[in-house]
Structure formats: C-alpha cells, structure tokens
Amino acid sequence: MVQNIKQPILRVNSIRKQVNTGEIQLTILQNINLVVNAGEAVAIVGASGSGKSTLLGLLAGLDIPTEGKVYLDGVDIFSLDEDDRAVLRGKVLGFVFQSFQLLPALTAIENVMLPLELLGIRNAEATSKQLLMRVGLEKRLKHYPKQLSGGEQQRVAIARAFATDPKLLLADEPTGNLDSVTGTQIIELMFELNREHGTTLVLVTHDEAISKRCSRQIRLASGQIVQAPEQAFLERAQGAAN
Amino acid sequence: MLSRDWRAGELHVLTLALVIAVGGMTTVGFFSDRVQLALSQESNQLLGADLLIISDHPLSAHYVDEATRVGLKISSVTKFHSMISNGDDNMLADIKAVTAGYPLRGKLHLAINMAQILSPEKTQVADSIPERGVVWVDEKLMIRLGLKQGDMVDIGATQLTVAALIMREPDYSVGFMAVHPRVLINAADLPATGLIQQGSRIKYHLMLAGEVDAIEKYREWVLPQLLHGQQLEGIRDARPEIKSALERAEKFLSLAALASVVLAAAAIALAVRRFTQRHLDGCAVMRSMGARQSTLLSLYLYYFIAMGIMASILGCLFGFGAQEFLTYWLSGLVEAGLPWPSWLPAIHGMLVGMVLLLGFALPPLLNLRSVPALRVLRRDIGLPNAQSLSAYALGTIVLSLLFLWKANDVRLGFYIISGFIAAVMIFGLFGFFLVKLLSGMRHQTGGAWRYGLASIQRRSISSLVQTIALGLGIMALLVLSLIRDDLVREWQGSLPPDVPNQFLVNIQADQLLLLEDFFNQYNIEQPPVFPMVRGRLIQINDKVISAETFSNPHAEQLVRREFNMSWANDLPHDNKIVAGEWWENEDTDKAVISIEEGVAKTLGIRLGDQLHYDVAGSTLTATVTSMRKVDWDTFQVNFFVVTPPRLLENYPVSYITSFHMQPSQNHIMHELVRTFPNFLVIDVAIVIEQVQAMIAQVSKAIEFVFLFTLLAGFAVLYAAIVSTQDERIYEAAIFRTLGAKKKQLTRAWAAEFAILGGLAGIFAAAGASILGFVIGHYALNLDYTFNPWIWLTGFLTGVIGVTIAGLIGTRSTLSTPPLLTLRKVS
Ligand SMILES: Nc1ncnc2c1ncn2[C@@H]1O[C@H](COP(=O)(O)OP(=O)(O)O)[C@@H](O)[C@H]1O
Ligand SMILES: [Mg+2]
C-alpha cells in the first residue's frame with residue numbers, strides 16, 4: 001500500500017445540507033467530497049448563493065450537516081459535542097469573515113486576546129500586541145471596532161485569527177466588504193501571515209485573481225462541486241489510497 | 001407588518017410584559033375587590049347585618065319601604081331590659097324580639113339539648129327565629145335561674161317556654177358593654193308582654209343586608225333622613241379594631257397593585273427600548289426610500305394600539321383566571337363564599353395597560369421616526385442618547401397620574417411617586433458613575449470578569465436602564481415585603497393567642513382578696529385589676545351640656561352614658577401621651593385629668609378645659625392636663641378618663657379586670673359566676689376569635705397578592721434580560737466560533753449579570769429602606785422597624801436572582817449554531 005506522507009488536515013465525506021424553510025425543503029449542499037492537505041492553499045469559488053459560506057461553516061463545525069462527515073485534523077468533528085467541537089476549533093482553526101465579526105464591547109487588543117484567553121494561554125497580551133504590530137495597528141490597540149475603518153477592523157480580525165497559531169485558516173470573502181485597494185492589502189497580509197505561520201488556507205472568494213494565487217480551486221455551483229475531470233480523478237485516486 | 005414582526009419574535013417581550021402587567025393589576029384588582037367584599041361581609045357577621053339603623057323610637061315604615069325597593073333584606077330587632085322570672089328567681093335580662101330573617105349575616109348557634117351545653121360540638125345553626133310562645137336563653141340566664149328545657153318563664157305579662165340555649169350570637173358585639181343575660185323571643189310575642197309602653201327604654205334596630213351597591217345606595221339615602229335619636233352603624237363604626245385592620249389591608253393591597261404597575265412600567269420601558277432599537281434599521285431604510293415621518297408614525301401607532309388591546313384583553317383574562325384560582329384557594333377560609341367581583345378591575349386593567357403602553361411606547365416611537373436616513377450607510381448612527389432618555393418623561397408623568405388615581409389616597413400616592421422618581425434619578429446618577437468606575441477596573445481583572453465588565457461598559461446606557469429597572473423592581477418587592485412583615489407582625493402582636501377574652505366588672509373592694517384566692521386555686525395568673533368610678537359629664541368649662549347639645553350621634557351617646565373613670569400613678573404601657581403631660585407623683589393632690597384623644601375630639605374638649613362630672617350625686621371638677629392615644633385594637637382594659645389616685649379615692653369604686661380563658665376552662669367561669677354572683681362577666685372570646693380569623697385571612701390574602709407582585713418582578717427581570725438578547729446571541733456566535741466552551745461563555749455572562757444584579761440590589765436596598773419607612777410611618781401608621789438585613793437581602797436577591805434568571809434566559813442562545821447567527825448579522 002502506498003502510504004500518504006501528508007496527513008490531510010481536512011477531509012469531507014459526502015456532505016449534504018438541507019434546510020427547512022417553512023413548507024419546502026431546500027438542499028443547499030450535496031455530495032460534497034473534499035480533501036485538504038497541510039500547507040495547501042485552496043480557493044472555493046462560485047456564484048453568490050452557490051453554498052460557499054455554508055460549506056465553510058460546516059468545515060468549521062459552526063453548523064451541522066444533514067448527512068456526511070468532516071474530519072478536522074483527523075477528528076470526526078460531528079461526533080463531538082458542541083463544547084468539544086468549540087475547543088477543537090479554538091485550537092486548530094482561525095476564521096476570517098467578510099463582515100469582520102469583531103466583538104463591539106472589546107478593544108482591538110481584547111478582541112485579539114479573546115481566543116488566547118479562551119484557551120487559557122498565559123501571555124495573551126504580549127502575543128496579541130505583537131500580532132497587532134505585525135498587522136500595522138500598534139497605535140490602535142485600545143480602540144473599539146466602532147472607531148476603526150473596515151480595513152483596520154479586518155486587520156484586527158486577521159490578527160485574531162492568527163493569534164492561536166492555527167493549523168487551518170478559513171476565510172469567507174475577507175475582502176468582500178472592502179474597496180479594492182484595501183482588499184488587496186488585506187489579501188497580501190493574509191498570504192504573508194499564512195506563509196510565516198505555515199498555515200493551511202481555505203479561502204472563499206469570487207475574485208478570480210485571488211483564487212489564482214491559491215494552489216487549488218474548487219468550484220461550487222448550486223451546492224455541488226464542479227471541477228476539471230483530471231482533478232476529480234486525482235482526488236478520487238487519492239481518496240481511495242487513504 | 002404586525003404578523004410579520006410577531007413571527008420574528010419582535011412583540012413577544014412587549015406583549016408578555018403587558019399581559020403580566022395587566023394580569024397582575026387585574027388580579028389584584030379583582031381579588032382585593034372580592035376579598036374586601038368578603039372581608040367586610042365576614043366582619044358584618046359581627047353586626048348580624050351589613051348595616052344597622054338604631055333608634056330610640058319606633059322607626060317609620062318608609063325606611064323599610066326604601067330598603068325593599070332597592071332590594072335589601074331586612075329584619076327588625078326590638079331591644080329592651082326586663083325582669084325574667086322562673087318561680088321566685090328573677091333576673092334582669094337583655095331581651096331581643098326579632099322578626100323573620102334574623103340574623104341577616106352570620107349564624108346563630110343553639111344547643112337544642114340543653115343538658116349537653118358543655119360540649120360545643122353539640123350545637124347547631126338555627127334555621128329560623130324562635131317560634132311564637134318560645135324563648136331562647138343564654139348560658140348565664142340558664143345558670144342563674146336554674147333553667148331546664150321546657151321550663152316556663154315570665155316576661156312581662158306573658159309566659160314563654162324555654163326551648164333552646166343560645167351558644168353564639170353573631171351580633172354579640174353590638175353594645176359591647178351589654179352585660180345582662182340575653183334572651184331571644186319572636187317579635188309577635190311582644191304585644192303580649194305589655195312591656196312596650198311610653199317611656200320604657202327601648203332600642204329599635206333595623207337590620208339591613210344585600211348587595212354592596214344597594215347598601216351604599218341605601219346608606220346615602222338614609223343618612224340625611226335620620227332623626228334625632230337615630231343612628232346608622234356599619235361594622236366599621238362598631239368595631240374599631242376591625243376598621244383599622246381592614247383599612248390597612250386595603251391600603252396594602254392597593255400598594256401591591258401599584259407596585260405591580262411600577263414593575264410593569266419598567267418592563268414595558270425595557271421592552272419598548274429593545275423594540276425601537278430593533279426597528280432603527282427598518283426605519284432608516286424606509287426613510288431613505290422617502291417615507292414621511294407621519295407615515296412611519298401612523299404605521300407604528302396602529303401596530304401598538306392593536307397589540308395593546310390584544311395584550312390587555314389577554315391580561316384581563318389572565319387576571320380573572322388567577323383570581324378565580326385564588327378564590328378557590330381561599331374559599332375554605334371565607335365562610336360566606338366570596339361574592340362575585342365587579343367588572344371595574346377589568347376596565348381599570350385595560351385602561352392601565354393602554355395608558356402604560358402608550359406612555360412608555362409613544363415617546364420612543366416618536367423618536368423612531370426621526371432616525372437619520374444616514375443610518376443606512378453608517379450603522380452606528382442611532383438616536384441621540386439624551387433623546388431616548390427624555391422619552392421616559394411622559395411615561396413617568398403618566399405613571400404618576402395613574403398612581404394618584406389608583407392609590408385612593410393622595411398622600412400614599414404622592415409618597416410612592418416621589419419615592420420612585422427620586423429613586424430613578426439617584427439610581428441613574430450613581431449608576432452612571434459606578435458603571436464608569438467599574439469599567440475602569442476591567443483592565444485589572446481577567447477572564448470572565450473582564451468580559452462581563454466590558455459588556456456592561458459597551459452597553460452602558462442599556463446597562464444603566466437595566467440596572468434602574470431591576471433596582472426599581474427589587475425595591476418594590478423589598479418595600480412590600482418589609483411592610484407586609486410589619487403589618488402582619490403588628491396584627492398578630494395586637495391579638496396574641498392569650499389576649500384577654502373575659503372581662504370582670506363590678507368587683508367590690510372587699511372581694512379583691514377573695515378573687516386573688518380564686519385565681520390561685522385554679523392556677524391562673526393574677527390579672528391586673530383596675531379601679532373604676534362611674535360618672536356622667538355634665539359641664540365643660542362654663543357650658544352645661546346634655547345629649548341635646550351635640551349633633552354628632554356619637555357624642556350624644558357619650559354624654560348620655562356614664563364614663564368609666566379610673567386612677568393611676570403611671571401611664572398605662574399601651575397608652576401614649578399626645579398632648580400635655582402625665583402627672584408626676586407629687587402632683588397627685590391636684591384635680592387633673594387625662595382624657596383619651598378620640599373622646600376629646602368628639603366632645604370638643606381641649607387641653608386646659610375644666611370638666612365637671614356627676615359622680616354618685618356629687619360633682620367632681622378637674623382640669624384636662626394631658627391627652628392619651630389608646631390602642632383600642634388590643635382588647636386590654638382601657639379608660640377614656642384617668643385621674644391621679646387621690647382624686648377619686650373617696651367616690652364609690654368598683655374594680656375591673658380582664659384575663660384569658662381557654663374554652664376548655666368553661667367550668668371555671670361557671671364556678672366564678674357562682675362564687676361571685678354580683679360580678680358582671682363579659683365574654684368576648686367569640687369576638688376575638690372572629691377578629692383573629694379575619695386577620696389570618698387578610699394576612700393570607702396579602703401573601704398571595706404579594707406573589708403577584710413577585711410575578712411582575714419576574715417580568716421586569718425577563719424584559720431586562722431579553723433586552724440585550726440580540727447582542728448576546730451575536731456574542732455567543734463569535735465566542736463559539738473562536739473556540740469558547742459553553743462554560744466560558746456562561747461565566748462571562750454570569751459575571752455581567754452578577755454585577756448588574758448586585759448594583760440593582762444595592763440601589764434597591766437603599767431605596768427600600770427610605771420608602772419603606774415613609775410609607776409605613778406616614779401612610780399606614782405602622783411602627784416601622786428598620787431592618788439592616790435588607791442590604792444583604794437586596795444585594796443577594798439582585799446578584800442571585802438576576803444571574804440565575806439571566807442564565808436561564810440566555811440558555812437558548814447557546815444552542816443556536818453559530819453560523820445561523822452570523823449569517824443573520826452580516
Ligand atoms: N438557514 C438557511 N435557511 C434558508 N436558506 C439558507 C440558509 N442558509 C443558506 N441558505 C441559502 O442557501 C444558499 C447558499 O447560501 P450561502 O452558503 O450563503 O451562499 P454563498 O456564500 O455562496 O453566497 C443561498 O440561496 C441561501 O439563501
Ligand atoms: Mg457567502
């Protein structure tokens with residue numbers, strides 16, 4: 001048997017997601033199979049409404065699939081309970097959202113410290129300060145999200161995402177709420193940090209230029225993965241080998 | 001739009017707050033209405049009727065006609081003294097000749113088998129009045145005349161057969177000092193006695209009973225009709241201790257209702273606040289699309305009025321249901337069965353609901369229409385804070401008016417309003433600084449406390465409003481429970497189980513030692529014995545007086561009767577000097593007098609007046625040097641007029657005493673009557689029993705009504721917690737995304753709730769200490785006891801109550817998958 005040296009950081013097995021919207025059952029995702037290896041940078045692309053955010057949420061265990069499994073760092077996350085899933089997420093994952101999702105009650109540095117404190121890490125403050133300096137916000141440590149521009153907020157969010165030194169970074173259209181210049185800066189920053197921390201990246205975007213910078217593209221359409229046949233073949237082969 | 005928002009959960013809180021508010025109000029309203037009716041009916045049993053007309057002359061027929069016309073039941077009682085004889089034995093007795101229907105309220109208990117009188121179980125309730133030719137006698141007469149069933153007794157010119165023994169009369173208490181044995185005959189036998197003649201002292205009673213409204217109508221009609229020598233008596237006129245108990249109970253119940261209104265107002269204010277905040281975006285969008293302010297306003301107005309009506313009706317139904325349950329629960333206590341409540345509380349409830357809703361909802365809504373359209377672009381633009389705070393001004397005014405209306409007591413209403421307004425302002429001021437101070441501390445703390453403090457600071461206005469609302473809520477509850485405790489304690493204290501229930505009058509000086517021996521023989525504690533001299537007031541200063549001098553029937557009665565005067569060196573312990581000074585020992589030669597303030601007021605006697613009494617044929621003159629307040633509720637021996645010992649020494653004196661006797665010691669009383677045949681024994685055991693039973697009921701009712709105020713308190717709590725629910729759900733989603741365990745999130749929230757609750761609790765304790773004192777002291781005339789535990793109680797209630805409720809309220813928040821929440825927000 002051929003042993004794969006690289007343990008996949010993420011493996012998705014025939015995910016299906018259905019929601020009940022009143023009378024009708026809506027299938028948002030179906031038949032999703034996916035493997036992401038450590039160190040990869042994967043772009044998920046697709047039209048608006050194709051199910052990208054839903055998929056990303058499922059990868060992070062922020063929602064529960066109707067069917068199928070997700071292995072995160074080798075752990076079947078949906079066999080865990082909510083709390084254990086949250087803890088795993090805190091250890092392994094970083095998350096960057098389109099709309100930043102900073103806690104309005106907390107200052108920039110407190111926002112970055114939050115995931116560290118949740119893990120019970122001691123020098124949360126020093127680490128956070130360093131990270132905020134790294135993203136160029138050393139002067140804004142005590143500022144509240146309200147007092148920051150969109151780009152600055154997203155920098156804080158990125159600093160927060162990297163604070164725990166995650167193995168996998170999930171980003172959902174991180175530039176979606178930003179102008180193109182700021183967006184480009186943010187993307188640059190993200191790729192830089194990604195390299196520095198050796199993080200695996202799964203990035204949702206509908207910007208072709210950004211997706212091209214990733215090692216692999218996965219295209220979603222109407223809740224299903226559509227891709228080049230040779231890539232499908234490779235993946236199947238790989239899946240079978242595992 | 002209404003139904004859409006309903007589905008979105010928008011109106012739940014507001015509706016719930018309103019339903020609880022109106023429900024609580026109407027429950028209290030319905031209930032106190034009914035209980036007050038029941039209690040007054042219950043106490044009317046002591047009168048035998050709801051209303052009594054007492055006259056020196058036969059009453060004219062139109063009194064009866066009018067009573068029949070307004071649908072009242074009537075019965076007439078003719079009362080007089082006469083000798084009753086059984087062979088050679090005879091005795092003066094109080095004779096009551098009654099017509100069918102007597103007694104209209106309460107029950108007459110008889111022992112049909114007179115041989116078994118010593119077992120009270122063998123009594124039965126009379127289902128009619130004595131038949132013609134028959135007489136019912138009381139125990140005293142039976143013993144004195146040695147009567148047996150079937151004996152014939154002479155009353156005036158006629159002979160009647162002894163048929164039954166009266167064990168308990170409902171109207172026992174009327175004419176408290178009527179000390180003669182009592183006899184009941186049929187009014188139809190009256191002419192045959194030949195005792196009704198010109199000049200004989202006869203009292204004609206007309207008993208009336210019926211619906212409260214009819215009684216009130218009749219009372220109003222008859223008052224101006226009353227002639228000289230006629231007086232009207234309700235139970236409140238007859239028994240002061242019941243009167244004061246009922247009045248306090250009524251005040252407390254309306255206080256409880258008012259407290260639930262305040263709580264409701266707080267809940268509504270919180271809910272509306274949340275509502276407007278949720279609708280800021282919608283309004284901004286509509287404004288940016290060109291909606292006019294008036295369009296927005298009318299949209300929300302319809303919406304609120306519709307909801308207000310719905311919720312108020314629901315609240316009324318809820319109130320009615322709760323009250324039915326309460327009635328069922330209390331029905332074992334109230335013998336008569338509770339009368340049907342009036343519809344008034346429902347109407348009041350609806351009105352209060354609408355007024356509260358509009359008072360607290362309209363101003364924020366008016367503000368809502370002025371949301372800047374710019375908010376579409378910059379979400380953080382909301383309403384200016386000052387504007388949203390000033391919005392509560394109208395609500396406060398509306399609430400104040402409601403108070404003055406519902407309090408039924410301008411002073412009480414005024415105290416409460418100013419108390420609450422002052423509390424709000426002081427809480428607000430302190431709260432503002434405390435919140436600032438606490439937020440400064442958050443960098444020194446870690447973990448959960450940091451997030452708790454951060455949240456409080458971030459929501460500083462919300463936090464402040466929450467703290468004030470919760471503080472008010474806890475304060476209302478603390479005040480009520482303080483007062484309730486004092487009230488119940490005072491009632492129970494005034495009638496302890498061993499309160500004297502037997503009075504001995506006409507004890508002669510040479511019998512005092514014998515009486516002491518008698519008590520020793522039966523191991524009864526020696527009761528205090530008071531000297532008593534009887535005298536009639538004949539002159540005040542230079543003015544010679546008689547019954548005709550006074551137009552007030554009460555004063556008339558006082559002058560016609562002899563005063564019981566006593567002497568004492570020291571002020572009796574349950575008396576209080578309210579004017580002038582009590583004599584020191586060296587004054588004891590002087591001709592001075594201390595008079596009870598109520599009598600003084602009735603007779604227009606002032607400090608320094610010279611009073612002239614006719615005491616056994618000679619005139620006693622003395623100057624009023626002090627006035628006393630006497631607590632008549634306590635059934636202790638007390639005197640209207642007290643002098644220093646020397647002044648009365650040489651007048652004919654007898655002694656009076658009072659003591660407690662168990663029903664099982666009945667045989668001792670028989671022995672006492674046999675040993676001292678000249679004693680007048682007044683047995684008030686039944687009256688006391690009835691008063692005690694009533695107080696027990698009132699206490700229980702008060703406990704229950706308090707429970708409802710508590711429920712309203714929970715509404716505030718709920719509204720306060722739900723008011724920040726949206727933010728919390730969002731917070732939870734982010735925390736969970738970042739890897740927070742439920743426990744960690746729960747801790748952060750618990751910290752926030754504990755801080756809020758603790759602040760609110762401290763505020764509440766401070767406010768309650770002051771308000772409780774003011775209300776207790778000035779409105780309810782209670783000896784208010786300051787309770788230092790209130791601080792701890794308030795603080796702990798705040799911390800524990802708010803934390804627990806907060807965590808329960810936010811539990812569902814934790815189980816929502818984070819993605820769903822984040823999707824909604826972005
Ligand atoms: N909880 C839900 N209820 C109903 N529809 C949903 C829910 N979540 C997602 N959808 C729908 O599923 C589809 C995919 O949504 P999403 O994953 O956000 O797409 P994308 O991120 O690619 O734009 C959309 O049509 C969206 O309206
Ligand atoms: Mg999306």
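1. **Ground rules.** Two strands count as paired when DSSP finds at least two bridges between them; strands themselves are DSSP runs of E, at least two residues long, and helices are runs of H or I with at least four, numbered from the N terminus. The model is predicted, and local features need pLDDT of at least 70, side-chain atom pairs count only at pLDDT 80 or more, and totals for chains, interfaces and linings use all residues. Residues are numbered from 1 along each chain as its sequence is written, chains are lettered from A and ligands numbered from 1 in the order in which they are written, and side-chain values use heavy atoms, with hydrogens and water left out.

2. Strand β9 of chain A covers residues 216-221, and three bridges join β9(A) to β10(A), residues 224-226, in an antiparallel pairing. Within that pairing, A:Arg219 sits opposite A:Val226. The two strands make a hairpin with two residues between them, and A:Ser222 in the turn has a positive phi of about 45 degrees. On its other partner, β3(A) (residues 41-46), β9(A) runs parallel, joined by five bridges; here A:Val42 faces A:Arg216. As background, strands of a sheet pair through backbone hydrogen bonds, in either sense.

3. **The open sheet of chain A.** Chain A also has an open sheet of four strands, ordered β2-β1-β4-β5, with antiparallel pairing. Its edges are β2 (24-37) and β5 (75-76), each pairing on one side only. Ten bridges link β1(A) (residues 8-21) to β2(A), again antiparallel, and A:Val19 has A:Leu26 in β2(A) as its bridge partner.

4. **Where A meets B.** How many residues of each chain are in contact across the interface? 30 residues of chain A touch 30 of chain B, with contact taken as heavy atoms within 4.5 Å. Together the chains bury about 2900 Å², 60% of it on carbon and sulfur atoms. A:Leu62, A:Gln101 and A:Leu118 supply 21% of the area that chain A buries against chain B, more than any other three residues. Buried area is the accessible area (1.4 Å probe) that two parts lose on being put together, summed over both.

5. The rule finds two salt bridges between the chains, that is, a side-chain nitrogen of Lys or Arg within 4 Å of a carboxyl oxygen of Asp or Glu. One salt bridge is between the side chains of B:Arg736 and A:Asp83, at 3.3 Å, N to O. On chain A, α1 (52-59), α2 (82-92) and α3 (108-118) each give at least two residues to the side that touches chain B.

6. **Chain B overall.** Chain B has 25 helices and 22 strands, and 54% of its 826 residues are buried. Of its contacts with a separation of 6 or more, 82% are between residues 24 or more positions apart. Its accessible surface is about 35700 Å², with 59% belonging to carbon and sulfur atoms; these areas come from the Shrake-Rupley method with a 1.4 Å probe, and for residues only the protein chains shown count as cover.

7. **B:Leu745.** This residue belongs to helix α23 (residues 742-779) of chain B. Why does B:Leu745 count as buried? Because its relative accessibility is 0%. Leaving out residues up to four places away in sequence, B:Leu745 touches B:Ala732, B:Phe735, B:Arg736 and B:Leu814. B:Arg736 is also the salt-bridge partner of A:Asp83. The C-alpha atoms of B:Leu745 and B:Ala732 are 7.1 Å apart, with 13 residues separating the two along the chain.

8. Most residues other than glycine have a negative phi, and most peptide bonds are trans. B:Tyr102 and B:Pro103 are joined by a cis peptide bond, with omega about -10 degrees; B:Pro103 is in the loop between β3 (89-98) and β4 (109-111) of chain B. B:Asn523, in the loop between α16 (512-521) and β13 (529-540) of chain B, has a positive phi of about 55 degrees. B:Asn523 is exposed because its relative accessible area is 74%. B:Asn541, in the loop between β13 and β14 (543-544) of chain B, has a phi near 50 degrees, and at 30% relative accessibility B:Asn541 counts as partly exposed.

Definitions and conventions: Buried < 20%, exposed > 50% of the residue type's maximum accessible area, 1.4 Å probe, protein only.
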